[in-house]
Amino acid sequence: MAQDEDVVTYDVVNGVAWLTINRPEARNALNKAVREGLFAQVRRFNADDDAKVLVLTGAGEKAFCAGGDLKEMADTALKVPPIDFLPQFGRNIEIAKPTIAAVNGVAYGGGFLLAQQCDLVVAAEHASFGITEAKVGRGSPWAAPLPWLIPPRIAMEIVLTGDPITAARALEVGLVNRVVPAAELASAAQALGERIAANAPLSVRAGKATVRLCAELPMTEAYAAAEKIWEPVYLSGDAQEGPAAFRDKRTPVWTGT
C-alpha cells in the first residue's frame with residue numbers, strides 16, 4: 001500500500017508534468033492524504049518553469065479516481081465539504097498552464113470532478129464517467145459548470161440518474177477530446193501535452209483564459225476582457241520571435257517574455 005508521501009507522484013517528461021494518484025488498491029479514492037497531495041503537487045507544477053502542461057491520471061488500469069473515500073466520510077461524519085476539501089482548478093486553486101486528464105478507468109464522483117475541471121480529456125476505451133452522488137445521498141455542487149461543457153439535457157441525465165456513461169458516449173457528447181486503446185493512453189496524452197508545450201507559452205496561457213471567458217462573462221464583456229488578456233502577448237518578445245522564425249525558416253525559440 002502506498003505511503004502518504006507517495007499517494008500523489010510528480011514526474012516531468014519533455015515539459016509535460018505527470019501528476020498520478022497512486023492509490024490503486026482503493027481505486028485511487030480521494031482520502032485526506034490524496035487530497036493534500038493533490039494540492040501540494042499542483043502548487044509544485046505552478047512553480048515549475050520546466051513544466052508547461054499538466055497531465056493528471058491514476059495508477060493502475062481500473063480507476064482514474066473512484067471519487068471520495070466513503071469509508072473516511074462515514075468515519076468522520078462528513079457533512080458539507082469545505083471549499084478547500086480538494087483542488088478545484090479555477091475555484092480554489094489557479095492553474096494558468098494547460099491541464100489534461102488521462103482517464104485510465106472509472107472517473108466517478110470526485111474523479112468526475114477532477115476530469116471535468118481539466119482543460120482537455122484523453123480517455124482509454126474502457127474508461128467510464130459518472131456523477132454517482134445521488135446513489136449515495138451526497139451532493140455535486142461542483143457539477144454547476146457541466147452544462148458549459150456538454151448539452152444541458154445530457155448533464156441533467158448524468159446528475160439525476162447517477163448512471164455512468166462510457167468513454168464512447170463521453171466523446172459523442174463532447175465531454176472528452178479523444179478515446180484511445182488503453183495501451184496507448186499514456187503516449188497519446190504525452191504527445192498532446194508535447195504539442196501544446198512546443199507552442200509559445202504566453203499565447204497558450206492567454207488562449208486558455210480566453211476560451212473560459214464565454215463561460216463566465218456576457219459576450220461584450222468577454223471581448224473586452226480578451227483584449228486585456230492578449231495585449232501582453234502582442235507586446236512580448238515571443239510575438240516578434242514567431243514571425244522572425246517563419247521568415248528565417250527556423251524553429252522559434254520561445255522565452256515566455
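Me: How much space lies in the largest cavity?
Reply: This is a predicted model, so the values rest on predicted coordinates. The search for cavities of 30 Å³ or more gives a count of 1. The space in the largest cavity is about 80 Å³.

Me: Which element gives the largest share of the lining of the largest cavity?
Reply: The residues that line the largest cavity include Lys52, Val53, Ile196, Ala197, Pro201, Val204 and Arg205. Two elements give two or more residues to this lining, namely helix H8 (185–197) and H9. The largest share is 3 residues, and it comes from H9.

Me: By class, how many residues in the lining of the largest cavity are nonpolar?
Reply: Lys52, Lys97 and Arg205 are among the lining residues. The class count gives 3 charged residues and 1 polar residue. The nonpolar residues number 6.

Me: What is the volume of the largest pocket?
Reply: Now to the open space. The lining of the largest pocket is made of 39 residues. Its volume is about 1,000 Å³.

Me: Which residues lie nearest the centre of the largest pocket?
Reply: Helix H3 (110–117), strand S7 (120–124), helix H5 (146–149) and helix H9 (201–216) each give at least two residues to the lining. By class, the lining has 23 nonpolar, 9 polar and 7 charged residues. Nearest the centre lie Gln117, Cys118, Asp119, Trp148 and Arg212.

Me: Which element gives the most to the lining of the largest pocket?
Reply: H3, S7, H5 and H9 each supply at least two lining residues. One of them supplies 11 residues, the most. That element is H9.

Me: Why is strand S3 largely enclosed by the rest of the structure?
Reply: Take one face at a time. On one side, Val53, Val55 and Thr57 are buried. S3 is largely enclosed because its buried residues number 6 of 6.

Me: Which residue in S5 is the bridge partner of valine 55?
Reply: S3 also pairs with strand S5 (residues 99–103). These strands run parallel, with 3 bridges between them. The partner of valine 55 in S5 is isoleucine 100.

Me: Which strands stand at the edges of the open sheet of 4 strands?
Reply: The order in this sheet is S4-S6-S8-S9, and the pairing is mixed. Each edge strand has a single partner strand, so one side of each has no neighbour in the sheet. The edge strands are S4 (63–65) and S9 (165–166).

Me: How far apart are the closest N and O atoms of glutamate 172 and arginine 169?
Reply: Side chains of opposite charge can pair when their charged atoms come close. Glutamate 172 and arginine 169 both lie in helix H7 (residues 167–173), 3 residues apart, about one turn of the helix. They form a salt bridge, and the closest N and O atoms are 2.8 Å apart.

Me: Is glutamate 241 buried or exposed?
Reply: Glutamate 241 forms a salt bridge with arginine 250, with the closest N and O atoms 2.6 Å apart. Arginine 250 is partly exposed, at 36% relative accessibility. Buried means under 20%. Glutamate 241 has 15% relative accessibility, so it counts as buried.

Me: Which residues do salt bridges that share partners join into one network?
Reply: A search of the whole structure finds 7 salt bridges. Aspartate 248 forms one with arginine 250, the closest N and O atoms being 3.6 Å apart. Salt bridges with shared partners make one network of Glu241, Arg247, Asp248 and Arg250.

Methods: Residues are numbered from 1 along each chain as its sequence is written. This is a predicted model: local features need pLDDT of at least 70, side-chain atom pairs count only at pLDDT 80 or more; totals for chains, interfaces and linings use all residues. Side-chain values use heavy atoms; hydrogens and water are left out. Buried means under 20% relative accessible area, exposed over 50%, partly exposed in between (1.4 Å probe, protein chains only). Two strands pair if DSSP finds at least two bridges between them. On a 1 Å grid over the protein atoms alone, a cavity is a set of points where a 1.4 Å probe fits but cannot get out, and a pocket is an open set with protein on both sides within 12 Å along at least five of seven lines; lining residues have an atom within 4 Å of a point. Grid points are joined across faces, edges and corners, and a volume is the space filled by probe spheres set on the points. Ala, Val, Leu, Ile, Met, Phe, Trp, Tyr, Cys and Pro count as nonpolar, Asp, Glu, Lys and Arg as charged, and the others, Gly among them, as polar. A salt bridge is a side-chain nitrogen of Lys or Arg within 4 Å of a carboxyl oxygen of Asp or Glu.
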